[in-house]
Amino acid sequence: MTDIIDELQWRGLIAQHTDMDALRSELARGPVTFYCGFDPTAPSLHHGHLVQVLMMRHLQKAGHKPIALVGGATGLIGDPRMKGERQLHSKETVASWVEKLRQQIGHFLDFEGDNAAIMVNNLDWIGQLSAIDLLRGLGKHFRMGTMLAKDAVAKRLSSEEGISYTEFSYQVLQAYDFLELFRRYGCRLETGGNDQWGNLVGGMDLIHKTEGESVHVLTTPLITKADGTKFGKSEGGAIWLNPEMMSPYAFYQFWLTAEDADVVRFLKVFTFLDRAEIEELEQATEKAPHQRKAQRRLAEEVTRMVHGDEATAKVLAATEALWGKGELSAVDADTLGAAVEHLPSAKLNPGESTLVDLLVETGLEKGRGAARRTLSQGGVYLNNVKVSEEDRVVTQADLLAGGRVLIRKGKRNLAVATA
């Protein structure tokens with residue numbers, strides 16, 4: 001079996017680490033209990049969290065024991081950002097987000113067997129911490145020079161808004177998490193995003209000072225595009241894993257648009273496909289990039305992993321049907337609505353609106369004369385059926401799920417009209 005460190009390095013999942021030889025040896029002896037923390041700053045995880053969850057799953061599949069920590073306490077405080085103070089949410093809001101994140105994370109990890117995952121909430125111990133305990137038991141182990149040198153803290157201190165003591169103290173609480181998990185479960189490794197390096201090292205140092213033990217930290221890189229720009233924005237904002245915040249169809253389409261220069265790297269990071277299959281997809285991208293085989297595989301794999309088989313099947317059916325390769329009438333209203341959300345649109349009056357009207361109102365044609373010519377030449381499709389009659393009226397019988405009809409001009413120009 002491939003060494004887990006070699007596997008993670010091949011997938012591009014390791015950015016920074018402490019003593020790699022010592023970590024490799026400890027993982028080889030195994031099993032190692034490790035943890036990753038997730039703060040409830042929103043009601044859903046996003047694609048950046050997905051990198052952390054997949055790192056956890058790789059380690060679990062290699063025989064190690066994961067602890068998923070959802071920060072019911074640290075979520076009330078907020079990790080310092082590079083710009084501006086975080087908004088403090090109510091305890092009730094944070095508690096509800098904790099439950100949503102617990103459910104999402106639980107979908108990816110195995111909670112049965114010899115190396116079953118554990119889910120914890122740091123409110124269970126931080127909530128019991130008195131001010132005296134915080135200052136006397138923890139604070140004495142932290143040096144101001146080190147705390148002030150943290151990137152986010154240093155940048156905020158030099159800005160006009162500065163930084164509150166609340167956010168400044170966050171690093172102490174995250175370090176305490178590692179110490180508490182070390183004491184409770186023998187946790188010896190913390191993983192997280194590379195922007196968390198300083199906080200992770202703080203926990204490692206705290207354990208060394210209080211327990212005299214050497215433990216490990218490991219970070220994943222910030223995933224960027226080949227051109228160096230940040231990866232992970234859609235028209236609606238973040239790439240959320242919650243289907244109520246980003247539809248499975250929109251989620252699938254996001255991954256489908258990956259550039260050729262990025263897709264192989266994303267396959268390594270965001271899927272569990274083996275080396276042979278990824279290398280095959282890499283060759284397919286080089287030889288026939290127009291087929292977008294790697295992109296389609298990436299989009300299907302990630303969507304299936306996040307949203308399940310049923311939702312993925314609906315997305316694939318809608319994607320095919322939208323371009324005339326499937327049956328539009330079989331697509332449900334929610335999936336079809338998500339599929340046409342960003343298309344040019346017009347209001348439809350069944351029994352009155354003609355295709356000429358809709359071609360002009362959706363902007364597929366600039367005028368009624370042009371619309372009639374395109375129709376007479378056989379260049380217009382209503383719900384993927386070619387229509388040539390210039391006076392064709394759209395009726396109730398034409399409506400798809402959700403009271404919509406799909407209008408296509410030529411092969412690639414789509415619009416939607418809704419009753």
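Tyr35 of strand β1 (residues 33-38) stands opposite Glu190 in strand β4, where strands are DSSP runs of E with at least two residues and helices are runs of H or I with at least four residues, both numbered from the N terminus. The model is predicted, so that local features need pLDDT of at least 70 and side-chain atom pairs count only at pLDDT 80 or more, whereas totals for chains, interfaces and linings use all residues. Residues are numbered from 1 along each chain as its sequence is written, and side-chain values use heavy atoms, with hydrogens and water left out.

Three bridges join β1 to β4 (residues 189-193) in a parallel arrangement, and two strands are taken to pair if DSSP finds at least two bridges between them. Six bridges join β1 to strand β2 (residues 65-70), and these two strands also run parallel, with Tyr35 opposite Ile67 in β2. Of the six residues of β1, five are buried, that is, under 20% relative accessible area, with exposed meaning over 50% and partly exposed in between (1.4 Å probe, protein chains only).

The structure holds zero disulfides, a disulfide being a pair of cysteine sulfur atoms within 2.5 Å. The sulfur of Cys36 is too far for a bond, because the closest cysteine sulfur, in Cys187, is 10 Å away. Cys36 counts as buried at 1% relative accessibility, and Cys187 counts as buried at 0%.
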